[in-house]
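Subject: Structure for you to look at

Hello,

Here is the structure I promised to pass on. Please open it alongside this note.

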Amino acid sequence: MSVPRATTLSVQSSSSFQALGMQQPLELPGQQPPGCGKCIPVCSSSGNAAGCCGGSGSSIGSVGKGPVMCSAGCENPYAGLVALLRAAWLSGKTRPLEYRVAQLEALGRFLEEKKQEILEATALDVGKPSFEAYLIEILLCKNELNNTLNNLCHWMKDEHVDKNLMTQLDSVFIRKDPYGVVLIIGPWNYPIHLILVPLIGAIAAGNCVVIKPSEKAKNTGRLLAESLGCYLDSDCFAVVTAGVQETSRLLENKFDYIFFTGSPSVGRVVMAAAAQHLTPVTLELGGKNPCYVSDTCDVRSVARRVAWGRFFNAGQTCVAPDYVLCTLEMQEKLMPALREAITEFYGSNPRESPDFGRIMGQKEFQRIRALLCSGRVAIGGQTDEEDLYIAPTVLADVLPSDPIMQEEIFGPILPIVVVASMDEAIDFINERPRPLAVYAFSSDCKVVAQVLERTSSGGFCGNDTLTHMTLTSLPFGGIGCSGLGKYHGKFTFDTFTHQRGCLHRNMGLEALNGLRYPPYSQQKLGFLTAAFEIKRKGTCTLL
């Protein structure tokens, strides 16, 4: 059976869409109400999305099924596309289990059949080692996909809930409704994973989706725009590539949910745009993730686990340990162990290692290189702008006031900040915005438990780094400045699902309703109190 192909809409801008990766701000969308619902295709053709089999992506005047114009004159270039997807969603096409499974299985074929192209594209974009690319961009996406397919029929079922005395004869349940037309905006550092994982949940929940890859990861974005359309239904899914200005116009449209991964500064712009339509959002942002290392630990194991988490993908991971907090004594022990771990992983010259990536672009390179002035370079520090190479670097004697401690590093530099004790480390963490993750290393479980108990963060990992985000059974997301909302596994399905509270009462037995109707009386109130009241049973004890 042939599967309709996803729409690809390509708009180029002189401004690179760097904002979704890290720094460049988007314009705040205007107040006009585009996507008015009156946008219609003015002609029809049988052509598929351009670029499906290797083309360059369609122009704005040929969105899959021909030009899309707005009869209300809303003048937004994306209004027609959003209207077409909304019409498809309102038709109920995405609701059946069979349809959702077919689209998810098509995504699985994309991952399998385009595996080599994915590895090549990520290598071209950011010098990503094939091992790391396969692990994150392919394997973890497959895990999410298979976990969803294994459980979707259960997740979709109505959830029957407790009833009081007055509703014993009623059907009371939670219906798992899709939101409608959702927008997913992805970053450049994991350009496949951070698009497909939320997309899997959005499809599983029964939504239509506009997919906006990062323009900064040009090769991967081109792969998604040209190839994803061969697998997904063009009536319900569209890939949009655009620059900053065009993305601001895209955000002017009314979506039913927006899922954004990127920097906090751009997250604020996305949230402000969503607020114009009271659209709910998930913001997966970042921040400075502290890593406390106690004096009682296996130093070699700590060094290897921290170095792997920090220098994976050349440090361009939102959940990577951003800095180490430890005593001066532990800093002296960690330095030779970190040097040994870096040499073990990448050889004596990491620049020649096939397992160490590169920085994404000149702007990012220059920003990260400027941070090397902080503290003292104890390990590494070598740079090559032409090759976009910054060596795995450890900085010692870093002060809280140093430039590197004022922003998320997002690069292969690990600063060490000296503290006197665990209490001081916890105070240091709590004085700053809540991070995406907190890491704690100690041979004493009580120390790890103390850090967990007395800090707040999106996630927590004791005696390791990164591995908590590989599990579909754990929610992944930030808190405060590090993000809003959560996903992975069923949490992604729940994110894109409106939990609709439902009660269905029989038309008969009207006499039972008489207690609630006027004229009121104390006797009626007494009966209703007995029927509705929830009484406390006793104290609750945490085991």
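Two strands pair if DSSP finds at least two bridges between them. Helices (H or I, at least four residues) and strands (E, at least two) are DSSP runs, numbered from the N terminus.

This is a predicted model, in which local features need pLDDT of at least 70, side-chain atom pairs count only at pLDDT 80 or more, and totals for chains, interfaces and linings use all residues. Residues are numbered from 1 along each chain as its sequence is written, and side-chain values use heavy atoms, with hydrogens and water left out.

The sheet comes first. Seven strands form an open sheet with mixed pairing, in the order E13-E16-E17-E12-E11-E18-E19. E13 joins E16 (residues 393-396) in the antiparallel sense, over three bridges. Arg376 stands opposite Ala396 in E16. Direction ignored, neighbouring strands of this sheet are turned by 25 degrees against each other on average. (Axes are lines fitted to C-alpha atoms, for helices over the stretch in contact; angles run from 0 to 180 degrees between N-to-C directions.)

Helix H12 (residues 422-430) lies across E11 (290-293), E12 (323-326), E17 (413-418) and E18 (437-441). H12 runs at about 145 degrees to E12. Contact means heavy atoms within 4.5 Å.

Next, a helix pair. H4 (residues 130-156) and H5 (residues 193-204) pack at about 10 degrees, with their axes 9 Å apart. H4 is therefore roughly parallel to H5 (angles under 35 degrees count as roughly parallel, over 145 as roughly antiparallel, 65 to 115 as roughly perpendicular and the rest as oblique). The contact residues include Leu140 and Leu145 of H4 and Leu196 and Ile200 of H5. By class, the contact of H4 with H5 has nine nonpolar, two polar and two charged residues. Ala, Val, Leu, Ile, Met, Phe, Trp, Tyr, Cys and Pro count as nonpolar, Asp, Glu, Lys and Arg as charged, and the others, Gly among them, as polar.

Finally, the largest pocket. A total of 24 residues line the largest pocket, and Gly287, Lys288, Gln406, Glu407 and Glu408 lie nearest its centre. (On a 1 Å grid over the protein atoms alone, a pocket is an open set of points where a 1.4 Å probe fits, with protein on both sides within 12 Å along at least five of seven lines; lining residues have an atom within 4 Å of a point.) H8 gives the most to this lining, with three residues. The lining has 11 nonpolar, seven polar and six charged residues.

Best wishes
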